[in-house]
Amino acid sequence: MTISLFLAIFIVMGTLVVVTSIARLHRLQIHVAATSVPAPPKPYRDKRVSHAEHGAVDARGVWALAAQPSCFEEVEKSTGPQAYVRAHLPRQARRVPSGRTLIFGSCRIVIEGRSVIVVRGNERISVPAPAELYQTASRLYLLARGAAGGPELRAYKVVSQP
């Protein structure tokens, strides 16, 4: 009989606790507000871009031509295995040999060894080796190692004609 009495008390008390908790939960109001904790700005630490004297920019990346929208407009990008990427290169595209400089408006593209360098004013952006530049009558094609490390082909429409 005592066990039944304790069990009944336990059930009644447990029910009261659950009902009280549910009732209080419905009246519970949570306010979330944004707070501002002042923190000093962190310096820019990207090693691919450096600012030389007088605001000059010296950077490295496969996006070098895309960074000059007044000269080039990226129209296509292919990434994947080497055979897949090369299949997107048009047959009439001719490789620009090392030692050549192409000028399009205010932009110069310098082919040095196996790297491609885009120069405009005090900006110098190089595409790390191995990089190859191809040219057709209306497009430029840059074949280089992409951000993921695999081959990447980018096609550009020339905005500024020579």
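## Close-up views of a predicted model

View 1. The largest pocket has a volume of about 220 Å³. Here, on a 1 Å grid over the protein atoms alone, a pocket is an open set of points where a 1.4 Å probe fits, with protein on both sides within 12 Å along at least five of seven lines, and a lining residue has an atom within 4 Å of a point. Its volume is the space filled by probe spheres set on the points, which are joined across faces, edges and corners. Of the 13 lining residues, Gly61, Val62, Arg145, Gly146 and Ala147 are the closest to the centre of the largest pocket. By class, the lining divides into 5 nonpolar, 2 polar and 6 charged residues. In this scheme Ala, Val, Leu, Ile, Met, Phe, Trp, Tyr, Cys and Pro are nonpolar, Asp, Glu, Lys and Arg are charged, and the others, Gly among them, are polar.

A word on the source of these views: the model is predicted, so local features need pLDDT of at least 70 and side-chain atom pairs count only at pLDDT 80 or more, while totals for chains, interfaces and linings use all residues. Residues are numbered from 1 along each chain as its sequence is written, and side-chain values use heavy atoms, with hydrogens and water left out.

View 2. Strands (E, at least two residues) are DSSP runs, numbered from the N terminus. In a regular strand the side chains alternate between the two faces of the sheet. Strand E5 (residues 101–104) has Leu102 and Phe104 on a covered face, and Thr101 and Ile103 on an uncovered one. E5 and E6 run antiparallel and are joined by 4 bridges; two strands count as paired if DSSP finds at least two bridges between them. Across this pairing, Thr101 stands opposite Val110 in E6. The hairpin of E5 and E6 has 2 residues between the strands, and Gly105 takes a positive phi near 60° there.

View 3. How much of strand E7 (residues 115–120) is buried? The count is 5 of its 6 residues, where buried means under 20% relative accessible area, exposed over 50% and partly exposed in between (1.4 Å probe, protein chains only). Strand E6 (residues 107–112) pairs with E7 in the antiparallel sense over 5 bridges, and Ile111 has Val116 as its bridge partner in E7. The turn of this E6 and E7 hairpin has 2 residues between the strands, and Gly113 in the turn has a positive phi of about 60°. E7 also runs antiparallel to strand E8 (residues 123–127), again with 5 bridges, and Val119 stands opposite Arg124 in E8. In the hairpin of E7 and E8, with 2 residues between them, Gly121 in the turn has a positive phi of about 60°.

**View 4. Ser115 and its neighbours.** Ser115 is found in strand E7. Its relative accessible area is 17%, so Ser115 is buried. Leaving out residues up to four places away in sequence, Ser115 touches Val110, Val127, Ala129 and Ala131, with contact meaning heavy atoms within 4.5 Å.

View 5. Five strands make an open sheet in the order E3-E11-E10-E9-E4, with antiparallel pairing. E3 and E4 are the edge strands, each pairing on one side only. E3 and E11 run antiparallel with 7 bridges between them, and Glu76 has Ala155 as its bridge partner in E11.

**View 6. Salt bridges.** Side chains of opposite charge can pair when their charged atoms come close. The whole structure holds 5 salt bridges, each a side-chain nitrogen of Lys or Arg within 4 Å of a carboxyl oxygen of Asp or Glu. One of them joins Glu73 and Lys157, with the closest N and O atoms 3.5 Å apart. This pair links distant parts of the chain, with Glu73 in strand E3 (residues 72–79) and Lys157 in strand E11 (residues 151–158), 84 residues apart. Glu73 is partly exposed at 38% relative accessibility, and Lys157 is partly exposed at 34%.

Arg95 and Glu132 also meet in a salt bridge (3.7 Å, N to O). Arg95 lies in strand E4 (residues 94–95) and Glu132 in strand E9 (residues 132–135), so the pair ties together parts that are 37 residues apart in sequence. Arg95 counts as partly exposed at 43%, whereas Glu132 counts as buried at 14%.

Arg154 and Glu152 form another salt bridge (2.6 Å, N to O). Salt bridges that share partners join Glu74, Glu152 and Arg154 into one network. Arg154 is buried at 9%, and Glu152 is buried at 5%.
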